[in-house]
Amino acid sequence: MMINCAIIDDEPLAASLLKSYAERAPFLNLIGTYGSAIEAMKELREHPAQLLFLDIQMPELSGIEFAKILPEGTKVIFTTAFQQYAIESYKVSALDYLLKPVSYDDFLKAANKALDWFTFKQKQQAYANDRFMYVKSDYKLIRVELDDILFIEGLKDYIRFYLNDGREVMTLMNMKKIEDYLPRPEFLRTHRSYIAHMPKAKSIERFHIVYGEHRIPISDSYKEEIQQYFDVHTLS
């Protein structure tokens with residue numbers, strides 16, 4: 001996939017170096033280079049960028065302040081000469097933090113991190129929109145409809161889908177990966193070994209969610225979020 005990116009840096013030499021790096025990366029489409037966050041703000045309204053290589057210390061509006069007002073889908077890689085902003089950068093969910101002078105190797109590693117993030121989000125959105133996925137099981141690709149899932153059980157390096165029709169599908173995958181891909185709060189982790197399809201739950205009894213003959217536990221770590229879901233859907 002191609003990522004539309006922009007560079008925001010008030011140092012012309014640093015901006016020029018980053019521009020040369022971006023033009024060498026085959027998956028980056030550089031749509032603009034700006035000398036300040038204020039200048040970028042005006043242009044990016046009409047020509048949005050998915051990824052910003054953003055300096056921190058700039059006049060009028062700092063990179064940290066600018067990152068706080070960006071649209072949710074816009075990701076940031078900070079480029080700065082100052083180490084002391086690293087903690088603040090992660091508070092605004094920056095993908096990476098590069099210290100100047102930035103080498104091409106470090107730039108490319110950070111850019112690839114962005115590529116992985118956008119590729120993941122694209123797949124996640126596809127699963128949510130299309131309402132199905134394919135999983136590898138017994139040397140085959142098996143289609144699993146999201147609406148057919150009752151719950152998911154984790155078994156070491158495998159997960160097992162329990163489906164409406166009584167079928168069970170097992171695939172090599174960890175719980176964290178499948179949890180990240182599934183839409184929330186439709187699917188919620190109830191236990192380190194279970195993910196519940198919440199609209200399919202028949203009842204909740206003594207810290208267990210009941211699906212007919214199946215009962216899956218709710219551990220203390222996930223109890224509050226599960227309770228919030230049921231509270232929202234409870235008529236009182």
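Trainee: Helices here are DSSP runs of H or I of at least four residues, strands are runs of E of at least two, and both are numbered from the N terminus. So which helix is Glu 179 in?

Mentor: Glu 179 sits in α6, which covers residues 175-181. This is a predicted model, where local features need pLDDT of at least 70 and side-chain atom pairs pLDDT 80 or more, while totals for chains, interfaces and linings use all residues. Residues are numbered from 1 along each chain as its sequence is written, and side-chain values use heavy atoms, without hydrogens and water.

Trainee: Is Glu 179 buried or exposed?

Mentor: Glu 179 has 17% relative accessibility, so it counts as buried (under 20% relative accessible area; exposed is over 50%, partly exposed in between, with a 1.4 Å probe and protein chains only).

Trainee: What is Glu 179 in contact with, leaving aside neighbours within four places in sequence?

Mentor: Arg 184, Arg 189 and Ile 195. Contact means heavy atoms within 4.5 Å.

Trainee: New topic. How many helices and strands does the chain have?

Mentor: There are seven helices and 15 strands. The C-alpha trace spans about 65 × 45 × 30 Å along its principal axes.

Trainee: And how much of the chain is buried?

Mentor: Of its 236 residues, 44% count as buried.

Trainee: Which residues touch the most other members of the largest nonpolar core?

Mentor: Ile 3, Leu 28, Leu 51, Phe 53, Ile 77 and Phe 107, out of 22 residues in that core. A nonpolar core is a set of buried Ala, Val, Leu, Ile, Met, Phe, Trp, Tyr and Cys residues joined through side-chain atoms within 4.5 Å.

Trainee: Which elements supply at least two residues each?

Mentor: β1 (3-8), α1 (12-24), β3 (51-54) and α5 (104-130) do. Helix α5 gives six residues, the largest share of this core. A second, separate core has 20 residues, including Ala 40, Ala 49, Val 76 and Phe 78.

Trainee: Back to Ile 3. What does it contact beyond four places in sequence?

Mentor: Phe 27, Leu 28, Asn 29, Gln 50, Leu 51, Ala 114, Leu 115 and Phe 118.

Trainee: Last one: where is Thr 80?

Mentor: Thr 80 belongs to strand β4, residues 75-80. Its relative accessibility is 0%, so Thr 80 counts as buried.

Trainee: Which residues does Thr 80 touch, not counting those up to four places away in sequence?

Mentor: Asp 55, Ile 56, Tyr 97, Leu 98, Leu 99 and Lys 100. Asp 55 and Thr 80 are 25 residues apart in sequence, but 5.4 Å apart in space, C-alpha to C-alpha.
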